[in-house]
Amino acid sequence: MALETLIESLPSLLDGLIVTLLLTAVGILLGTTLGVVLAAGRSYASRPIAYLILIYEKVLRGIPLLVLFFLIYFGFPQIGINLDAFTAAVLGLGLRSSAYQAQIYRGAINSIPEGQIHAAFSLGMSKLKAIRHVIIPQMLRLSIPGWSNEFTILLKDTSLAFGIGVIELMRQGRYIQVRDSSLVLIVFLLIALIYFILVFSANRIMRVVEKKYQMAGYQAEAHR
Amino acid sequence: MAMLEVKDIYKSYGKVPILKGVSFTMEKEETKVIIGPSGTGKSTLLRCINQLSPPDKGQVWLDGEEITNPKTNINKMREKIGFVFQDFNLFNHLTALRNVSIGLEKVKKIEKDAAQKRALQELTRVGLEAQVGQYPAQLSGGQKQRVGIARALAMDPDVILFDEPTSALDPELIGDVLDVMKSLCGKVAMLVVTHEMGFARNVADEIIFMEGGIIVEQGSPKEMFTNAKMARTKEFLGRIGALYGEDETGG
């Protein structure tokens, strides 16, 4: 019975969902941490370092994610780096996201008036302190819409980890399809719905965060 | 020995020379006002003093230490030099209170509660105890500038540099800021670039008239306003006095 197979398979979808959420959480954490450092480096580090960061960004933004996964998971063992599929996927997701996020943050940094860092220097802050206490807090606030976007893209792109054998939501769906191919439409509709709800909720949460951390004087919506 | 000594400062932006050998000294708690036409290098001079734009040539000494020496810890020196900006430059993401306390917390490493207590004192001193929780965008220009002054004061500087502190303000808000500055006279050294002739005349210990990147003349307000030696000084003071109504503003 197809219906029975479906009901029996539901817990496996939940397992897959948990792996998807883990991939998303670790991937975005890596991407955000690295992205902030890269953006700050690109804007404030010495020219050679800024240039290296630029190359890193260009390369990672220029490779399809699935290719990156294959390089890390199947390619790296040839140079002695063996990673399990989950780690390889998190690394691929995080590295690529860091390159995109660095762009988001750099745009935000460019919109912070130069006077802010002058004021920080005038108080006796070192460059590092000025970046940490004055630039980054403003940069993050200004980056929330772009970051939300990147978060939802990363969440959906975890499904590509299916390609290197991570048993996440997509892969669990595929297992059900293999067991009973008559379920394919309903299963992938269900999976599509799960992704949609995740993305939708994430966006709603980020709207609240955006409102909470909005800087006074940056409220364009007041003029709707 | 003078507290602040500026020796033969030169500065160009690209090929355009802005400062062509400026020297003067300041004593503890002295109030000095720099006046002169726009584009004369007054603001550049202030930025050369705290090294926001380092001079091409010349030296700046504060308390017997050479700021312009590359071996000097410039961050340490800047703690002693307050800076008040024409366009305020308050930290947009912080409340008035945190704007004033952040230097104490992050630079002077004072514990948060003590730093905020001190910040509250300084904000009260400039008449803003009711605005401590507001963000810069929620303050009027005059209030912003008074937060700017409180932020500088909280660091206990030896000298505060004021870069046209009232130029971006409505005439009716200028008075509040000038009153605060007047109240600081004799408590901390102030070097003020301004077009407020009333303030220069009544508050300054000495007025420096700059034009074309050099100091044309300097002297007490009385000498400068009634008995200037250089024809150019007389002309400028006459013109700007008529323009700004020297007897009405900030007197």
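Of the 224 residues of chain A, 35% are classed as buried. The model is a predicted one. Chain A contains eight helices and zero strands, and its elements follow one another along the sequence as α-α-α-α-α-α-α-α. Along the principal axes, the C-alpha atoms of chain A occupy a box of roughly 75 × 50 × 25 Å. Among the contacts in chain A with a separation of 6 or more, 76% are accounted for by residues 24 or more positions apart.

One helix pair of chain A was examined in detail. Two packed helices are described by the angle between their axes and the distance between the axes. For helix α2 (residues 47-62) and helix α4 (residues 85-110) of chain A, the angle is about 120 degrees and the axes are 9 Å apart. Angles of 65 to 115 degrees count as roughly perpendicular and those over 145 as roughly antiparallel; α2(A) and α4(A) are therefore oblique to each other. The crossing of α2(A) and α4(A) is left-handed. On the α2(A) side, the contact is made by A:Tyr56, A:Glu57, A:Leu60 and A:Arg61. On the α4(A) side, A:Leu95, A:Arg96, A:Ala99, A:Tyr100, A:Ala102 and A:Gln103 take part. By class, the residues of this contact of α2(A) with α4(A) comprise six nonpolar, three charged and one polar.

In chain B, six strands form an open sheet with mixed pairing, in the order β6-β7-β8-β3-β9-β10. The edges of the sheet are β6 (81-84) and β10 (214-219) of chain B, each of which pairs on one side only. From one strand to the next, the twist averages 20 degrees.

Strands of a sheet pair through backbone hydrogen bonds, either parallel or antiparallel. Strand β8 (residues 189-193) of chain B runs parallel to strand β7 (residues 159-163) of chain B, to which five bridges join it. Within this pairing, B:Val159 lies opposite B:Ala189 of β8(B). Strand β3 (residues 31-35) of chain B is also parallel to β8(B), and four bridges join these two strands. Here B:Ile34 has B:Val193 of β8(B) as its bridge partner. In turn, β3(B) pairs with strand β9 (residues 206-211) of chain B in the parallel sense, over four bridges. The bridge partner of B:Ile35 in β9(B) is B:Phe209.

Strand β8(B) is mostly covered, with five of its five residues buried. B:Ala189, B:Leu191 and B:Val193 point one way from the strand, whereas B:Met190 and B:Val192 point the other way. The residues on both sides of β8(B) are buried.

Between the chains, 22 residues of chain B are in contact with 19 residues of chain A. The elements giving two or more residues to the side of chain B that touches chain A are α2 (74-79) and α3 (96-106) of chain B. Of these, α2(B) supplies the largest share, four residues. This side of chain B has ten nonpolar, seven polar and five charged residues.

Definitions and conventions. Residues numbered from 1 in each chain as written. Chains lettered and ligands numbered in written order. Predicted model: local features only at pLDDT ≥ 70, side-chain atom pairs only at ≥ 80, totals over all residues. Axes fitted to C-alpha atoms, helices over the stretch in contact; angles between N-to-C directions. Parallel < 35°, antiparallel > 145°, perpendicular 65-115°, else oblique. Left-handed = near helix turned anticlockwise from the far one by under 90°. Contact = placed C-beta atoms within 7 Å. Nonpolar A, V, L, I, M, F, W, Y, C, P; charged D, E, K, R; others polar. Buried ≥ 20, exposed ≤ 12 C-beta atoms within 10 Å, placed from the backbone. Pairing = 2+ DSSP bridges.
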